[in-house]
Amino acid sequence: MKIYRDKSLLKLAQGEECLLRVPEICQGGTETIVACHSNHGSDGKGMAQKASDAATVWGCAACHKWLDQGPAPKEEKAEIFDEALMSQYIEWIKIANTPSLKPWKVTAARNVLNHLGLSWTQSATSFFRSCTR
């Protein structure tokens with residue numbers, strides 16, 4: 001994956017709900033939500049290198065700490081992250097299709113979806129259906 005950087009995309013996380021939702025870890029709420037980067041090498045993660053901003057999901061402080069520093073096996077972390085990433089794509093599609101939002105939000109969502117080769121003109125429901133087939 002080509003490394004993608006966009007501070008506006010990361011800022012979209014503020015005030016949103018946690019998508020990681022790690023069982024028995026998630027604290028819920030919207031106060032501590034940040035964009036959590038993937039830990040997969042295939043997403044650009046490396047020594048002293050964060051993964052691409054296109055490989056982020058909204059997560060609360062507790063889930064973020066679990067993802068980056070928790071003792072769970074890498075496979076478990078990858079499974080939870082990858083499931084949350086599908087939810088993240090749906091959230092970005094919703095934002096991209098809501099022109100009443102602040103223009104920078106719509107632009108950030110559309111830009112990352114374009115980078116990923118995903119259509120923002122489809123509904124979130126049709127995207128979800130295409131992923132579950």
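Let me start with a rule: patches are made of residues with over 30% relative accessible area and no salt bridge, with like charges joined within 9 Å and nonpolar side chains (Val, Leu, Ile, Met, Phe, Trp, Tyr) within 5 Å. Lys and Arg count as positive, Asp and Glu as negative; His and the chain ends are not counted. A charge is placed at NZ of Lys, CZ of Arg, CG of Asp or CD of Glu. Accessible areas come from the Shrake-Rupley method with a 1.4 Å probe, and for residues only the protein chains shown count as cover.

Now the ground rules. This is a predicted model, where local features need pLDDT of at least 70, side-chain atom pairs count only at pLDDT 80 or more, and totals for chains, interfaces and linings use all residues. Residues are numbered from 1 along each chain as its sequence is written, and side-chain values use heavy atoms, with hydrogens and water left out.

First, the layout. The protein chain has five helices and two strands. Along the sequence the pattern reads α-β-β-α-α-α-α. Helices (H or I, at least four residues) and strands (E, at least two) are DSSP runs, numbered from the N terminus. Of the 133 residues, 38% are buried. Buried means under 20% relative accessible area, exposed means over 50%, and partly exposed is in between (1.4 Å probe, protein chains only).

Which residues gather in the patch of negative charge on the surface? They are Glu-76, Glu-79, Asp-82 and Glu-83. Glu-76 sits in helix 3, residues 74-96. Its relative accessibility is 37%, so Glu-76 counts as partly exposed.

Next, salt bridges. The rule: a side-chain nitrogen of Lys or Arg within 4 Å of a carboxyl oxygen of Asp or Glu. How many are there by this rule? Two. One joins the side chains of Arg-5 and Asp-53, at 3.1 Å, N to O. Arg-5 lies in the segment before helix 1 (7-11) and Asp-53 in the loop between strand 1 and strand 2 (56-59), so this pair ties together parts 48 residues apart in sequence. Arg-5 is partly exposed at 42%. Asp-53 is buried at 4%.

The other bridge pairs Glu-91 with Lys-94, closest N and O atoms 3.3 Å apart. Both are in helix 3, three residues apart, so about one helical turn separates them. Lys-94 is partly exposed, at 42% relative accessibility.

Asp-53 has a further partner. Its side chain makes a polar contact of 2.7 Å with that of His-37. A polar contact is a pair of N or O atoms within 3.5 Å; within protein, one must be able to donate a hydrogen and the other to accept it, and residues adjacent in sequence count only if both atoms are side-chain atoms. His-37 belongs to strand 1, residues 34-37. Is His-37 buried or exposed? Buried, at 10%.

Ala-51 is in the loop between strand 1 and strand 2, and is buried at 0%.

Last, backbone angles. Most residues other than glycine have a negative phi. Arg-21 has a positive phi of about 45 degrees. Glu-24 has a positive phi of about 65 degrees. Arg-21 is partly exposed at 46%; Glu-24 is exposed at 84%.
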